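Trainee: I am new to this structure, and I would like to learn how its descriptions are reached. Could you take me through them step by step?

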Amino acid sequence: MLDDFLVRAVLAAVGAALAAAPLGVFVVWRRMAYFGDATAHAAVLGVALALALSVPIFAATLATALLMALTVAWLSGRGHSADLVLGVAAHGALALGLVAVSLVEGPRLDLESYLFGDILAVTKRDLAVIWGGGAVVAVLIGWRWARLVTSTVSEDLAWAAGINPKREQLTLMLALALVVAVALKVVGALLIGALLIIPAAAARPWSRTPEGMLAGTAALGVLSALGGLWGAWVFDTPAGPSVVCAAALFFAVSFLAGRRAE
């Protein structure tokens, strides 16, 4: 069954959506949208380093994404405006990655597949990475769920409960870097942020509990993945952007339905 490229594409899209769901809710709650972009854009630099050093692309993108997350967190806590640091980091990392890729010797790399994803070229090994990474994220977030929610609601409340908010922030950074590395093959560096944010934003108005929002985000993420692939197959459009378009459509429906319900 896995020899069918369409089956592999569906499994990859669903796996990436499920991996992104638990991170998406915290990205929305903590208003970390730009932070996700900065981490994702660093993945392009990871691709260049992987080619230059002949190391696995997954390992290099994971390392650079994590390094970017830690760097942004360190700079933000030293008198720099968070918006300023994130803006410089996001655009600087992407530009540096594009320049680094152009300097790598050897056959010309097809950057489009890393910028916008190439889900139809997913291999069985890619599937193992996507679902394995998603399982690690699920276990990590499930293990720290109560602490993460408490520190998100109020840092003072977290300290009073004996929870270190900085440690929980590092947990989110590690998980975010892992999701970026996992989803790179599916939607690409430029669209990973959308996969994190849009399903969670669409589920938020209809959620009454954190767990409910997580379930809604996962469901909308999977529906966006399947709907995007269906649209790409029917209309012959790029698969990664089509997945994001489907997610945006769900957000629009959620927003309009919410306005009518007021």
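**How the helices cross and pack**

Mentor: Gladly! Let's begin with a crossing: H1 passes H6 in a left-handed way. This is a predicted model, in which local features need pLDDT of at least 70, side-chain atom pairs count only at pLDDT 80 or more, and totals for chains, interfaces and linings use all residues. Residues are numbered from 1 along each chain as its sequence is written, and side-chain values use heavy atoms, with hydrogens and water left out.

Trainee: What makes a crossing left-handed?

Mentor: The near helix is turned anticlockwise from the far one by less than a right angle; if clockwise, the crossing is right-handed. H1 passes H6 in the left-handed manner. Helices here are DSSP runs (H or I, at least four residues), numbered from the N terminus.

Trainee: Why is H1 called roughly parallel to H6?

Mentor: The axes of H1 and helix H6 (residues 124–153) cross at roughly 20 degrees and come within 9 Å. Axes are lines fitted to C-alpha atoms, for helices over the stretch in contact, and angles run from 0 to 180 degrees between N-to-C directions. Angles under 35 degrees count as roughly parallel, over 145 as roughly antiparallel, 65 to 115 as roughly perpendicular and the rest as oblique. H1 is therefore roughly parallel to H6. By class, their contact has 19 nonpolar, three polar and two charged residues. Ala, Val, Leu, Ile, Met, Phe, Trp, Tyr, Cys and Pro count as nonpolar, Asp, Glu, Lys and Arg as charged, and the others, Gly among them, as polar.

Trainee: How do you know whether H6 is roughly parallel or roughly antiparallel to H8?

Mentor: Look at the angle: the axes of H6 and H8 cross at roughly 160 degrees, coming within 9 Å. That value falls in the range over 145, so H6 is roughly antiparallel to H8. H6 passes H8 in a left-handed crossing. Residues of H6 in this contact include Asp126, Arg144 and Arg147, and those of H8 include Arg167, Glu168 and Lys185. Contact means heavy atoms within 4.5 Å. The residues of the contact of H6 with H8 divide into 15 nonpolar, three polar and six charged.

Trainee: Why is Thr61 counted as buried?

Mentor: Buried means under 20% relative accessible area, exposed over 50%, and partly exposed in between (1.4 Å probe, protein chains only). Thr61 has 0% relative accessibility, so Thr61 counts as buried. Thr61 is in helix H3 (residues 57–76) and touches Ala43, Gly46, Val47, Ala181 and Leu184, leaving out residues up to four places away in sequence.

Trainee: What about Leu6: why is Leu6 called partly exposed?

Mentor: Its relative accessible area is 30%, so Leu6 is partly exposed. Leu6 is in helix H1 (residues 5–29). Leu6 and Val122 are 116 residues apart in sequence and 9.3 Å apart in space, C-alpha to C-alpha.

Trainee: Where does Asp236 lie, and why is Asp236 called exposed?

Mentor: Asp236 lies in the loop between H10 and helix H11 (239–261). With a relative accessible area of 70%, Asp236 is exposed. Its phi is near 55 degrees, a positive value in a residue other than glycine. Most residues other than glycine have a negative phi.

**The nonpolar core**

Trainee: What makes a group of residues a nonpolar core?

Mentor: The term means a set of buried Ala, Val, Leu, Ile, Met, Phe, Trp, Tyr and Cys residues joined through side-chain atoms within 4.5 Å. The largest nonpolar core here has 71 residues, and Leu23, Phe26, Phe35, Ile119, Ile141 and Ile192 are those with the most contacts inside it. H8 gives the largest share of this core, 13 residues. Leu23 is in contact with Val137, Ile141, Leu172, Ala175, Leu176, Val179 and Leu196, leaving aside its neighbours within four places in sequence.

Methods
Helix = DSSP H or I, 4+ residues; strand = E, 2+ residues; numbered from the N terminus.
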